[in-house]
Amino acid sequence: MSRRLYILAGIFTLVAALGLTDAFAGSTGKITGRVVDERGESLPGANVVVKGSRQGATADAEGHYVILAVDPGTYELVASLIGYNTVTKQGVQVSVDATTPLDFDLQERTIEAEEIVVQAEAPLVERDKTSTKYTVSADEIRQAPIIRTTSEFISLLPGVDMGGTFSVRGSDYAAAVQPVIWATSGYSSADVYVIIDGVRVPRGDGNSAGLFTGVNKSAVQQMSVETGVAPAEYGDAKAGSISIVTRDGGKEYHGWTEITYEPAGKKHWGADIYDAPAHKDNMKWGDPEWVREIDPQTGRVIHVRENYTGYHGAVLEGSLMGPIGSKASFVVSQKHERRAPVYPDAENHGFYSDSQRGRFINAPGNIQGSGNITIRPSPNTKLKLGLVLQHFTAYNGEVNNRNYGAQGFIRSNRSSRAGLRNLFLPKQWSAGGRYKFQEDLEYLTFTHTISPRTFYEVRIARSQTSQDTIEAPAFTTQPRLDEDGWFYVDRDVAMWIDSQRTRWSVKGDLSSQITKGNLMKTGFEVIRWDARFVQYGSRSAADHWVSFYSGGDEPWRNGSPASPIRGAIYVQDKMEFEGIVVNAGVRLDFEKTTHEELISAPWLGMPMWYWYSTRSLAYGEGSVPSGFEASGKFAQTPPWRFHLSPRLGISHPITDRMAMHYSIGQFVQWIDLFQMYAKAYRNYGLLGTDGDPNWQDLNKNGVRDPAEEWTNLRPNASGIAGDPHEARAEKSMTFEVGVDWNFVADYAASLTVFYRADTNQYSSDGSSMSIAGGRGGAIRGAANSYLQWNKGLEMALGKRMSNYFSFRLAWYLQWGTRGWAGRQNSSRWEYPDSNFVASAEYWRFTDVASDGSRVPVVMTQSDIEKFGRSQENIARSFNRRYANDDLWFFGQMPEVQDLDINAYRRMNSRGGVRYGPMRNYGAVGASRTSQANLQFVVNTPSDVKFGPSFLSWLVSDLNANLLWRLRSGSRVNWTPPGSPNRRTDRGPVDASTDFSMEKTFNASGRVRPSFFIEIRNVFNDKADTGGGQNYMRWGLQMSPPDNSDFINYGDFGDRSYFRAPRRTNLGFRVVF
Amino acid sequence: MNKKIWVTFLTCAFLLAAISMGEAQESGRKWGVGTFLSLNAPMGRLGDQFSPSSKFGMSWQYMLNKKLYLEMEYHRSEFNHGKLEEQTFTWSVDGKDYLSPEASTQMNFDGGAVNLLIFHQGAPSLKGGAFAYYFQVGGGYYHYKVERRNFIFPGQRQEPLDPTLVLQPQIDSKTALTLNAGFGIQAFPIDRIALDLRARYNVLMGEVRPMWDWGIENKTFPMMLLDIGAGVKFYFWKE
């Protein structure tokens, strides 16, 4: 044992110096083992072949063999050697980034040669697992039809949020927004590295837009989720990796098609929405005049009652795969949903979006699918072309302002404020028009096995997310109401997103089994964006604002894309020594912004740029009159950023059935492109002569000159300004210890304890440009000062399929807290001094040229003295108040170059803590402290004998799934009576059970149809909303009994339970 | 009996029976039916609200092998007049304690479970005089309903307190996944009939809401009960 300790210590030292990691392509695994004879002597020269493929290896002098780059799946391996019986092992399972150990014992051939066939059994404890990782195979996917999507499978694994957010171990609750104009609380999917066939699915460029995976479950060969310390190959992600490997076509044609029928019916609790108590006396179906009321503007009858519960729904999914000649194969998979919404919506059908946490999108014409072609030109090469796609067109209901534009926006009940009052808005209509949305990913992967021990892969990919408007109004009109002044009727709301984000990526990896116990891998990846993103919103006819990012510091370059480059190089090594496996690696991430940005976010508030303008006013050289020297470029290209991330994992077998692992690693994650480059402007009530808020007639010529577009905008104090000179990557450090134990037969358990500290989390501070006379302004700039830590347990207990049943119980418990340190709790005040005021690059007002553009008004000497003195007073004031806080002179800042100006940044540490200890903000947001799920699967065999033959037939080839889920309640902050302290408790838990049963016919035949029934929320349980002080004090989950509305009308919250009532769907599937 | 429990129970029984009996008829496996009566004691926070009560049920068991029996059971248990009925609250307006004279609390369970009886030293021979002990683990779904009615609303602001203004009925009703574990002994006074004595701890993934003003400061989750009981089992088998 002591020898092992010395060895371990040596390995630690070596690793600390070198940096190595687990070494596999992101989409293949490895088979390794030893070929021996019946005496245990090695058999060099023995051949081991993957049956049906051209992959194989020859045993070396010690009988060892290794087969690299094996696609995940189940195989037969054949070992042979002249003079010995051939041994075939069936059911050999290969997983991504894992080693499948497989030894062969060959017997000397007797006169009657025979082939020995053995059923291999995948070990329940992976001995080379150095980090917490869970894998779902195609078989498990097939056995659990109750789980409908890849996202749902992933969400059931320990450590992954079951709400479909792709949040792993409590990742990133702080900075998440959904793509709406005003931030709503939500979860960001940005923290996870998602790979499809080894190709990264990009994110982090759409203002924390939802993560798109897009692969239907029928096309999945294997999925794995690494919640622990991912190897150095994966980066720019703080919270683990999700890998999806799609199926290859194979040598025979196979297909899978399924239709699920959803009967009509009410899909929510409480009364029919037209009879909801919350309407009070505003529904007047007994009043003929009210019923017949016509909107004078549109001529339509307003109060129309819709039978919204009468719509049936269906989901159709299918896949087809097969060979193309002898060297190629294909897979294509498509899914289309026509599902009824829960409440009256713009359309009668749509789909539930995986990437938006299951949100309903009113888009009947939706499609999602994937496809690939795999070509094997030679035994050593493989080419895979793939496509993943989602496309739909919908009425604009996703981008709306929950507080303002929601009034009369769209009829779906999404806004708690305006929802019920929107009920009589028209069908197939939205105040914001429509939008079309598309996500697509195209990729090419090339794998070349150079030698039996070395191979490389190259992946080239292009992905794009595009969203564009259709018939979006130009500006917002006033909300309109019916004659009673209660229900909203048609209006226009100018609120939309226009975005196109294209990413080009190249990834190359070289893997080599250098020695028997040493698998090295090195590689690189580079992603280049061409991305632009515009969010426009107009709360009223007079108020509009826009946030955007693009490739230019000058505001008028909105439209030209930003093209940053991000990438990494890494090296990693997997060492195996006397049963101990060490994965170690190091990764270098880099980032480069390729366009110029203002040297500091608050500088948008400099008076020279007070107004958005379509022409350059002053950005450094070339902008000053002759005779003056420019003091430097105020817009510069940010420097390269580099970050080093070491990773280390160790697997230590305890017994043949138990292994422990330890891993630690640092991760960095670049912030979202929107947070990096955004600018936010607002018109503050200024309008053009025609009432259009998007221009001003500056030159009073009555013509909308091009130079006058958007010239009534100035920086939005509530908006976010990107600050790539200041912003840094977010960081995370993760440590975990885990144990896996195959305690008996097919049963295994795993337990992991983890700790993760997230530092440098993105936040926006309160930045200001302090200009005397009110010509400055506030803006929220980037500040990496949010902190978060999580610790917890992940536990899994399961049994693989044997004796006709299997189960998996996953339980996850976490504690998290967040806080601030550093600049979040302070502001930065930036200001010029008198010398800058006196320079030719500074002015306070603009005049209007004949073309409508703004031109500087040169300051008089008197103005220079007056405002210069005022700026000096500002500087002295800050010096006095914040004497102990940092002061920077912009010319000395390392992030900007060749700047020689008299402008300063003073950190205002108002609030106390600056770079001190983290101030505890409290438990992490709305994070669940615990969640658990149980999947139970029963597969009856084909030959069950049970009573009469009809019954025997009926219970044969049955698959039954039970899925139970539980999530702890959301946080309730309240103050108990008589207590001075606030406390935090948890609201009601959310638990439900789903069940499905499937009967397969002709199970052993070529075509296998099956009929299934699935029941969601079998026991029709309500997941109570609860929460709040009333719940804690009196157990109340509705209005108090003395509430007048409750007394007169009933419970207003009768529809607000989380979980939908029981739903029974029927389906038919054909597999061939 | 709760319909949902019956449906679930029968479906599970159907499936498991289909699997196991397919083999049983080949090899003469033993099966039996039984009934039992237990003392059912709420534990933890649930025990602060309800006193022990009785539980009765029936079961069907089937021999999987020489050490394992599969058992399916249904049971019902009712708890009336919970302790909360006698609990007062302090009204914040006058600082006095008040009892809700019409308050009622009750709780009932309808449970179905599938259990595994592990006879550590082998299953009994089913002959008179045989004796064996076992460990038992199982799981299932228990439907529970906890009702609290007619508790005076403490949030009133006007004096005097109106005793007729009561909280809406508070009903926690769910069908909760339940795990249980315990041990027992089976003794056969005569052939094929066994006396079964068992102690078992049940953990339900269900909850009962808090009522801080009445001293229930936190919600009760999970719900836990200990049952100790005796039953009779009748065994049959095909020779």
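Start by selecting the interface between chain B and chain A, where 15 residue pairs are in polar contact, both residues at pLDDT 80 or more. A polar contact here is a pair of N or O atoms within 3.5 Å; within protein, one must be able to donate a hydrogen and the other to accept it, and residues adjacent in sequence count only if both atoms are side-chain atoms.

Before moving on, a word on the model: it is predicted, so local features need pLDDT of at least 70 and side-chain atom pairs count only at pLDDT 80 or more, while totals for chains, interfaces and linings use all residues. Residues are numbered from 1 along each chain as its sequence is written, chains are lettered from A and ligands numbered from 1 in the order in which they are written, and side-chain values use heavy atoms, with hydrogens and water left out.

**Stop 1: the interface**

Select the side of chain B that touches chain A.

In total, 36 residues of chain B are in contact (heavy atoms within 4.5 Å) with 44 residues of chain A. The buried area is about 3500 Å², with carbon and sulfur atoms giving 66%; this is the accessible area (1.4 Å probe) that two parts lose on being put together, summed over both.

Now pick A:R1033 and B:D213, whose side chains meet in a salt bridge at 2.8 Å, N to O. The rule, a side-chain nitrogen of Lys or Arg within 4 Å of a carboxyl oxygen of Asp or Glu, finds 1 salt bridge across this interface.

**Stop 2: salt bridges within chain A**

Over all chains the count comes to 76 salt bridges. A:D197 sits in the loop between β11 (193–196) and β12 (199–200) of chain A, and A:K384 in strand β21 (residues 381–395), 187 residues apart. A:D197 counts as buried at 3% relative accessibility, and A:K384 is buried at 5%; buried means under 20% relative accessible area, exposed over 50%, partly exposed in between (1.4 Å probe, protein chains only).

Next, select A:R503 and A:D205, with their closest N and O atoms 2.8 Å apart. A:R503 lies in strand β26 (residues 495–515) of chain A and A:D205 in the loop between β12 and β13 (220–226), so this pair ties together parts 298 residues apart in sequence. Both A:R503 and A:D205 are buried.

**Stop 3: the nonpolar core**

Finally, show the largest nonpolar core, a set of 36 residues in which A:W603, A:M606, A:F836 and A:I901 touch the most other members. Such a core is a set of buried Ala, Val, Leu, Ile, Met, Phe, Trp, Tyr and Cys residues joined through side-chain atoms within 4.5 Å. β27 (518–540), β28 (543–549), α6 (834–838) and α7 (861–881) of chain A each supply at least two of its residues. Apart from this core lies another of 33 residues, among them A:I146, A:V160, A:F166 and A:L441.

How values were computed. Helix = DSSP H or I, 4+ residues; strand = E, 2+ residues; numbered from the N terminus.
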